[in-house]
Structures are given as structure tokens and as C-alpha cells.
Amino acid sequence: MVHEPLETAERKSPVLGVILAGGASRRYGRDKAVARLGGITMLQRVASQVSGQVSTLVVSGAGRRGLNLHAIPDAVPHGGPLPALLSILTWANEHKFGLVATFSCDTPFLPSDLVIRLRHALKPDCDCAVALHGGAAHPTCALWKTSSLPKIQAAFESGIRSLHGALAHLKACSADFSDLEDGPGGDPFFNINSQSDMAEAQAWIDRMSGASNVRTADPMVCS
């Protein structure tokens, strides 16, 4: 398949990008969205990675100091990603966005072509396209049709609270990123939930930085 250039696809239907940052960070012990990785907050790191992939970028949950992005408040504070998605899709519908790309604030190694690959995986009869890596689905990193809102609302009203659970109520497509090996353990969707995860992520960045310095160093000149 020949992919359209990202700018052409965006002109046809603008994509709202939303960083999911409304979690309580209980396992991490403090607000991990503003925890620093490689010298910058994870929220800033994700924003810099995905801002060029979408038409408009906002954040879900509370806004954070130093991040100049509109915040969409969760209808159920700390209620999890599904009620957050309902708030997001409602806002997107009100602002005439037909497509919404979501990114988790604690997945700081996302692919640079995430949205365009999700977009091309999204078939006309699908409600969403979800990122896959190594056989694992990552529904926080997905592309959603705003028209899926009634189905997701029905899932929520039936008692579903997780994105994985909501997918059973939707026609979901997937985009496989198993060809990519960036990130700790070769996983570009590496998820930071704990302090030990953060230490592993920082160690990977340090290793990659060291390898880059070796590759770019001047070769030894022998006389």
C-alpha cells in the first residue's frame, strides 16, 4: 500500500491529538506526568513527539504548569481512561473533529509515524484503530472515530470502565508496530508505571546517548 503524505491526510480530515494525563499515578507515588525523564517531564516529552503528527494537540485531565495546551477535564476525575475518552470524544464532536488520536503520558518512546500508520489501518467500517506491538494491544495509543461515541457511552453505562473492555463493543482495527524496536526492551510503547520503570527508561536513554556519542566521535588518526 502506498501511504498518502501526512499533510494530505490531515487536510482531508483534521486529527485532534490528546495526551491522556488524568490518572492518579498511585503506583508511581506522585504525578508521573511531570516526572522528569532525560531532563524533561514525560508530558513534555510525549507532546514533542506527537505534536507534529496531529492538527491540534490538547491534554486530558488537569492542565500542568509550563505546558501551553488546552486541558479537557475528565467527567469522572481519576475515573480511568474510558470516562476520559467519553469526555474527549464529546469535546471533539463539539469542535467538529472526526478523528481523535490518543497517547498515554507515560509512554515516552512513541513512534514518529504512529498517527499516520493508525490512520491507514482505520478501515471505513471500523470505529477505531489500536496500536499493537509484539502481540500486545495498546488502546491508550489509538485513533478513534468521533462517531463511535454512542457505542462507547453504551459500554460505559453497561459497567465497562477499561479501554480494553470497551473494544469488545466496537469494531476495532489494528496497526502492528512490531517492526520497531526503539525503547527499553525494544518496545516503543514501554509504559512507565513505577519508579523502577522510570529507572529502566533513564538507563536506556543513557545507553542510547552513549552509543550515539561513540558513533559521532572523530575517528582516530594514526601517524
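Predicted model: local features only at pLDDT ≥ 70, side-chain atom pairs only at ≥ 80, totals over all residues.
Reader: What makes Cys126 and Cys173 a disulfide?

Author: Their sulfur atoms are 1.8 Å apart, and the cut-off for a disulfide is within 2.5 Å, so the pair counts as one. A search of the whole structure finds one disulfide.

Reader: Why is Cys128 in no disulfide?

Author: The nearest cysteine sulfur, that of Cys126, is 7.4 Å away.

Reader: What parts does the pair of Cys126 and Cys173 tie together?

Author: Cys126 lies in the loop between α4 and β7, and Cys173 in strand β9, so the link joins parts that are 47 residues apart in sequence.

Reader: Why is Cys128 called buried?

Author: Buried means under 20% relative accessible area. Cys128 has 0%, so it counts as buried. Cys141, at 1%, is buried by that rule too.

Reader: What makes α3 mostly covered?

Author: Ten of its 14 residues are buried, including Leu82, Ile88 and Trp91.

Reader: Where in the chain is confidence lowest, and where is it highest?

Author: Helix α1 has the lowest mean pLDDT, at 46, and strand β7 the highest, at 98. Over residues 213-223 the pLDDT is below 50, and beyond near neighbours in sequence this stretch has zero contacts in the model.

Notes
Residues numbered from 1 in each chain as written. Heavy atoms only, no water. pLDDT = per-residue confidence, 0-100. Helix = DSSP H or I, 4+ residues; strand = E, 2+ residues; numbered from the N terminus. Contact = heavy atoms within 4.5 Å. Buried < 20%, exposed > 50% of the residue type's maximum accessible area, 1.4 Å probe, protein only.
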